[in-house]
Amino acid sequence: MSSWKDQQVLIVGGGIGGLTAALALARQGIPSQVIEQAAAFKEIGAGIQLGPNVFRMFERLGLIEPISALAVFPKNLIMFDSITGEEVTRISLGDAFRKKFHYPYALIHRADLHNVLLEQCRKSNLIKLDAGQKIVDLDEANGGVNAKTANGKAYRGAALIGADGLWSTIREFVVGDGKPKPAGHITYRAVLPTSEVPEQYRWWNMGFWAGEKVHFVLYPLRTGELYNLVAVFHSNRYEEGWDSYGDPAELHERFAQTCAPVRALLNKIESWRMWVLCDRPPVKEWSKGRITLLGDAAHPMLQYLAQGACMAVEDAVCLANKAVEMDGDYAVAFRAYQEARYLRTGRVQIMARVYGEFYHAGGVAKELRNLMLGSRTPDDAMAGMEWLYGEQKELTRGRGAQVTR
């Protein structure tokens with residue numbers, strides 16, 4: 001007998017969100033076709049941070065072991081004042097943290113995480129991968145979705161998931177709200193061999209220096225072979241895209257008033273990659289019939305909570321669960337999925353903006369920030385993370401499960 005699971009789901013976008021969606025569907029016995037517009041499946045960028053909430057998803061997907069083998073598990077999260085260099089606060093990521101959240105906090109190279117997901121997809125006989133295919137048209141017809149590419153290739157699936165990132169093509173078909181909005185913040189990223197990092201900063205921590213309209217991040221990658229450096233500052237400069245070479249003169253000008261350690265680390269890098277930070281206001285509806293969005297295509301967010309990839313992975317698990325709960329009625333499943341997710345992802349979007357202003361505070365606001373954070377106990381700090389890192393019931397039985405057909 002035929003089953004609804006015999007029909008593939010189309011996934012547009014072969015990044016972290018798209019590949020995780022394919023793996024989550026495969027674990028439920030649902031086949032998928034992943035369509036990537038780049039010539040090859042690969043990730044750009046450098047380090048990303050993985051909170052306990054995403055490790056909870058990795059466990060469900062059977063991915064903890066291969067990801068952990070490539071990750072660094074820092075001892076502390078430490079915040080410094082970028083002008084004085086003084087430590088403002090630290091959060092230990094040791095036994096008490098793991099006991100509360102049941103999972104660790106980790107640092108990993110984005111390409112390493114993507115490679116783990118890609119390798120797992122290639123091992124699955126339920127997942128097909130096509131690169132070099134840009135979707136330019138799609139329509140829902142006869143109980144499925146048809147998609148066409150710029151070079152004339154056609155795909156058909158029972159449903160379609162747009163996991164094609166901040167500049168999503170699929171979002172225009174579903175939401176139609178134009179381009180994302182620049183946040184007025186610029187990020188410069190680089191990696192440095194450990195041998196070139198001053199010895200006192202070859203630490204096993206995720207450390208950052210917060211200052212007025214700037215902050216700087218330093219943490220280890222690839223079991224300590226490399227260090228990830230991230231410099232963020234406010235700027236009206238705008239260049240569409242995610243991978244442009246930065247202007248060192250502008251970078252050093254913005255950080256001219258920071259403490260000696262920050263300036264010394266900045267001087268170690270000769271070539272930086274620049275990203276213009278963009279996001280969108282939260283929306284409640286990101287599904288249309290048998291077409292839905294996932295990750296940054298649905299709810300792009302600024303980097304200040306380090307949750308962009310984590311939210312995409314949570315999305316993938318939730319979406320696959322809803323598909324099974326609704327017995328393959330994807331239109332109902334996608335409404336259930338967005339209902340289960342929009343408040344959580346919207347909160348992260350909004351709080352990421354708040355944290356950006358918090359990190360970049362000056363004057364009295366900076367003094368209040370340092371006083372407030374400096375007076376926290378470890379229990380206070382972890383209690384403030386419960387909403388983000390704790391168990392999320394909607395991933396298994398959100399309100400969306402009650403959506404009627």
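This is a predicted model: local features need pLDDT of at least 70, side-chain atom pairs count only at pLDDT 80 or more; totals for chains, interfaces and linings use all residues.
Apart from neighbours within four places in sequence, Tyr359 is in contact with Phe208, Ala210, Gly211, Val214, Tyr304 and Arg369. Arg369 is 10 residues away from Tyr359 along the chain, and the C-alpha atoms of the two are separated by 8.5 Å.

## Aromatic pairs

The structure holds 22 aromatic pairs. One of them joins Phe55 and Phe73, with ring centres 6.1 Å apart. The planes of these two rings stand at 45 degrees, so the pair is classed as tilted; a stacked pair would need planes under 30 degrees apart, and an edge-to-face pair over 60.

Phe55 lies in helix 2 (residues 52-60), while Phe73 is in the loop between helix 3 (64-68) and strand 4 (76-81). The pair therefore ties together parts that are 18 residues apart in sequence. Phe55 is buried, at 1% relative accessibility, whereas Phe73 is partly exposed, with a relative accessible area of 24%.

## The tryptophan pair and the ring cluster

Trp203 and Trp209 form a stacked aromatic pair, with 5.8 Å from centre to centre and 20 degrees between the planes. Both Trp203 and Trp209 are buried. These two residues also belong to a cluster linked by ring pairs, together with Phe80, Tyr201 and Phe216.

Three strands make up an open sheet with the order 8-9-10, and their pairing is antiparallel. Strand 8 and strand 10 (154-157) are the edge strands; each has a single partner strand, so one side of each is left without a neighbour in the sheet. On average, and with direction ignored, neighbouring strands of this sheet are turned by 20 degrees against each other.

Six bridges connect strand 8 and strand 9 in the antiparallel sense. Within this part of the sheet, Ala141 stands opposite Gly144 of strand 9.

## Two loop residues with positive phi

Most residues other than glycine have a negative phi. Asn142 has a positive value, with phi near 55 degrees. Asn142 is found in the loop between strand 8 (135-141) and strand 9 (144-149), the two strands that pair over six bridges. With a relative accessibility of 77%, Asn142 counts as exposed, because the exposed class covers values over 50%.

Thr223 is not a glycine either, and its phi is also positive, at about 50 degrees. Thr223 sits in the loop between strand 14 (214-221) and strand 15 (226-234). Its relative accessible area is 49%, so Thr223 is classed as partly exposed.

Notes: Residues are numbered from 1 along each chain as its sequence is written. Side-chain values use heavy atoms; hydrogens and water are left out. Helices (H or I, at least four residues) and strands (E, at least two) are DSSP runs, numbered from the N terminus. Buried means under 20% relative accessible area, exposed over 50%, partly exposed in between (1.4 Å probe, protein chains only). Contact means heavy atoms within 4.5 Å. Rings of Phe, Tyr and Trp (its six-membered ring) pair if their centres lie within 6.5 Å; planes under 30 degrees apart count as stacked, over 60 as edge-to-face and the rest as tilted. Two strands pair if DSSP finds at least two bridges between them. Axes are lines fitted to C-alpha atoms, for helices over the stretch in contact, and angles run from 0 to 180 degrees between N-to-C directions.
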